[in-house]
Amino acid sequence: MSDQFPTLPAEFLPEDGRFGCGPSKVRPAQIDAIVSGATGIIGTSHRQPAVKDVVGSLREGLSNLFSLPEGYEIVLSLGGATAFWDAATFGLIEKKSGHLSFGEFSSKFAKASKQAPWLEAPVVIEAEPGDAPAPQAIEGVDLIGWAHNETSTGAMVPVVRPDTEALIAIDATSGAGGLPVDMKNADVYYFSPQKCFASDGGLWFAAMSPAAIERIEKINASDRFIPAFLNLQTAVDNSRKNQTYNTPAVATLLMMDDQVKWMNANGGLDGMVKRTTASSDILYNWAEAREGATPFVQDPAKRSLVVGTIDFDDNIDAAKIAKVLRASGIVDIEPYRKLGRNQLRIGMFPAIDSTDVEKLTKAIDWAIDNGHATA
């Protein structure tokens with residue numbers, strides 16, 4: 001405990017004080033899975049059965065979690081969602097894309113498409129941070145992309161299929177596993193493992209429809225230059241063998257496989273959404289009742305179940321609240337660095353217990369009511 005900050009009363013301390021929006025809280029059982037899986041797996045070839053069996057288990061577990069429609073496949077490769085945006089410009093967008101942009105991360109895919117000289121300029125439909133455009137058909141594009149959950153702002157947009165022939169590509173990095181989804185409404189539902197799946201980064205996963213896989217095959221067979229590391233056809237081919245083109249972080253695979261098994265054993269996706277809904281209800285109901293606080297996302301229907309952003313009046317210093325709580329082991333509730341608001345950002349992923357979210361709100365109350373957050 002820092003000498004600069006008061007000690008929170010014990011009754012306000014969560015069982016686990018990790019509320020980060022990625023990397024997120026890791027369950028102890030996931031660490032145990034690394035230890036138990038170390039012998040015979042870590043330090044061995046990723047192209048041999050020991051590691052491939054873990055990848056196969058993970059792909060099957062994700063297929064079950066998302067109730068994949070017939071013909072859909074789980075594909076994985078290295079680099080995280082950032083690498084996937086670049087890979088999509090090479091191997092998924094045929095000529096022109098459309099994007100819903102409503103925060104830092106949803107804007108990055110649009111930026112990648114705009115900077116690709118072999119593609120036409122994308123159509124970008126924007127909304128201010130804290131809001132989000134509605135999913136819609138966009139004329140003249142062959143792919144439409146948006147984020148299921150905008151990690152930087154806590155705005156959530158449903159996965160629906162507009163009346164369009166375009167592929168629907170959903171950035172689900174912070175939403176997959178914690179938000180409801182009917183996968184038939186998406187052609188590519190891609191995500192990294194360090195949010196709801198409580199693992200380390202460095203990989204991307206995607207649920208792909210037959211139409212998406214057909215598009216990848218078509219572009220790969222064209223004369224377009226595609227870097228080997230970003231080749232989606234290579235990712236598809238290797239995933240079907242339960243491996244990756246480059247060497248993966250096996251510890252991450254073990255952690256994620258354990259998390260997916262835990263999810264499926266605890267009600268599947270419906271069970272996980274029940275957990276995130278309970279946590280988010282606690283947070284938003286508290287913010288609406290708390291003097292000096294308000295949910296940043298004004299429309300309740302657009303408030304994320306997994307990333308909650310709470311604004312504070314000018315007389316309350318959110319940064320001081322974060323420092324006071326961090327000194328007592330409640331960590332990573334600071335706002336997204338580029339947003340520049342007087343707010344807290346709170347992860348409510350499935351591994352986080354709603355009872356801990358309740359204690360977090362009481363800890364914030366204590367810091368404010370006892371004069372430790374005065375601006």
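Biologist: Are Phe84 and Tyr190 buried or exposed?

Modeller: Phe84 and Tyr190 are both buried, where buried means under 20% relative accessible area, exposed over 50%, and partly exposed in between (1.4 Å probe, protein chains only). This is a predicted model, in which local features need pLDDT of at least 70 and side-chain atom pairs count only at pLDDT 80 or more, while totals for chains, interfaces and linings use all residues. Residues are numbered from 1 along each chain as its sequence is written, and side-chain values use heavy atoms, leaving out hydrogens and water.

Biologist: What about the rings of Phe90 and Phe225, how far apart are their centres?

Modeller: Their centres are 6.5 Å apart and the planes are at 85 degrees, so Phe90 and Phe225 make an edge-to-face pair. Rings of Phe, Tyr and Trp (its six-membered ring) pair if their centres lie within 6.5 Å; planes under 30 degrees apart count as stacked, over 60 as edge-to-face and the rest as tilted.

Biologist: And is Phe225 buried or exposed?

Modeller: Phe225 has 63% relative accessibility, so this residue counts as exposed. Phe90 is buried, at 12% relative accessible area.

Biologist: New topic. Which residues form one aromatic cluster?

Modeller: Phe66, Tyr189, Phe191, Phe197 and Phe205.

Biologist: What does Phe66 contact, beyond its neighbours within four places in sequence?

Modeller: With contact meaning heavy atoms within 4.5 Å, Phe66 touches Ala176, Gly177, Val181, Met183, Tyr189, Phe191, Phe197 and Leu269.

Biologist: Which charged end sits over the ring of Tyr284?

Modeller: That of Arg303, 5.7 Å from the ring centre. The rule asks for NZ of Lys or CZ of Arg within 6 Å of the ring centre and within 35 degrees of the ring normal.
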